[in-house]
Amino acid sequence: MSATPDALSLDDPRGIVDHLRALGWLSPDEDVSSVARAGEGNMNLVARVKTNRRSVIFKQSRPWVEKYPSIAAPGGRLLVEAAFYAAVSAAPDVAGGMPALLAVDEESRSALIEDLGPSSDCTPLYAEATLGLEALVHWLRALHAMPVPDQFVPVLRNREMRALNHAHIFDLPMTGAHGMDLDTITPGLQAAAESFRAQSSVAVEVERLGRLYLADGDVLLHGDFYPGSWLQTDRGLRVIDPEFCFLGPPAFDLGVFLAHLIIARVDAEEAAGLLAAYDQPFERDLAWKFAGVEIMRRLIGVAQLPISRTLEEKSALLDLAGELILEGGPVG
């Protein structure tokens, strides 16, 4: 294995190849033709490695966020992701909707993952592209319904990543302690954010929902079920990046899903109708409350989306987020 695996970089493809060879993940007669960025790689180093035999995805987690190196993150998050793949391997309806995990190395926090071929994430949904959304609901239902093998429970609680995510979902957007000048994103958004944060009843409810998020549950969740985690491939929609997975309330995954439909201008009633495909009990009002939090944090938090919206549209979304947080939904 390479002496300093955290020094791997897409600017040094030879170093990545040497690392793969040191791990025995390339056969002696396997020649690498290219190493290139695969996807956005917001959290991790992610590279597509093409050889004379195949194309694979190399992924490594480091103790920082790849897109924002100044933000610390649990270095072992890839091992949680690997545990997710292992846990769902006996559930065909779940595993079949994801790429296969080919190899994992705990010491260097590296993994080799199946390359799904020509693909793109589903963020064009925000520009009113169409998707087979019911297939995603079916996948989520299968995930939430599967029993979690006992040996994976401790790691899949994923408390370190939940603490990081809690800060960025429930805390920093509401306090503004992330230090972002939101006017650099949309002029006037800073004042809209400050007005939203001044609603004490909303702040109290967001804090309560954050405590629910941090509480351990027994249902395996994806944890970041939004268009950036869905891939359009030649084989249909696939789900990736379960590093934020945890054991908790199904309403959280469903709420995140609903939030991004609303941001993508899907009518709230239509979004609610899609949940008929989920076809198992869940806390509907709680899902809509989590949806409100997710809308809020995507507008006034660090994790911004590739969306083009006016100040008026974002202000209306913030108003809706506040209503959902307080009342559940759908409302409007």
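This is a predicted model: local features need pLDDT of at least 70, side-chain atom pairs count only at pLDDT 80 or more; totals for chains, interfaces and linings use all residues.
Trainee: What makes E30 and R54 a salt bridge?

Mentor: The side chains of E30 and R54 meet with an N to O distance of 2.6 Å, and since the rule asks for a Lys or Arg side-chain nitrogen within 4 Å of a carboxyl oxygen of Asp or Glu, the pair is a salt bridge. The two residues link distant parts of the chain, E30 being in the loop between α1 and β1 and R54 in the loop between β2 and β3, 24 residues apart.

Trainee: What do the side chains of D29 and R53 form, and why does the pair tie together parts of the chain?

Mentor: They meet in a salt bridge at 2.7 Å, N to O. D29 lies in the loop between α1 (13–22) and β1 (32–37) and R53 in the loop between β2 (45–51) and β3 (55–60), so the pair ties together parts that are 24 residues apart in sequence. As for accessibility, R53 has 54% and counts as exposed, because the class begins over 50%, whereas D29, with 42%, is partly exposed.

Trainee: What makes E114 and R235 a pair that links distant parts of the chain?

Mentor: The closest N and O atoms of their salt bridge are 3.1 Å apart, while E114 sits in strand β5 (residues 110–114) and R235 in the loop between β8 (230–233) and β9 (236–239), 121 residues apart. E114 is partly exposed at 23% relative accessible area, and R235, at 47%, also counts as partly exposed.

Trainee: How do you know on which side of α7 its buried residues lie?

Mentor: In helix α7 (residues 189–197), the buried residues are L189, Q190, A192, A193, F196 and R197. They cover an arc of only 160 degrees around the axis, which puts them on the same side of α7. Those buried residues pack against α6 (159–175), α8 (200–214), α11 (284–300) and α12 (311–327).

Definitions and conventions: Residues are numbered from 1 along each chain as its sequence is written. Side-chain values use heavy atoms; hydrogens and water are left out. Buried means under 20% relative accessible area, exposed over 50%, partly exposed in between (1.4 Å probe, protein chains only). Helices (H or I, at least four residues) and strands (E, at least two) are DSSP runs, numbered from the N terminus. The arc is that of the directions from the helix axis to the C-beta atoms. Contact means heavy atoms within 4.5 Å.
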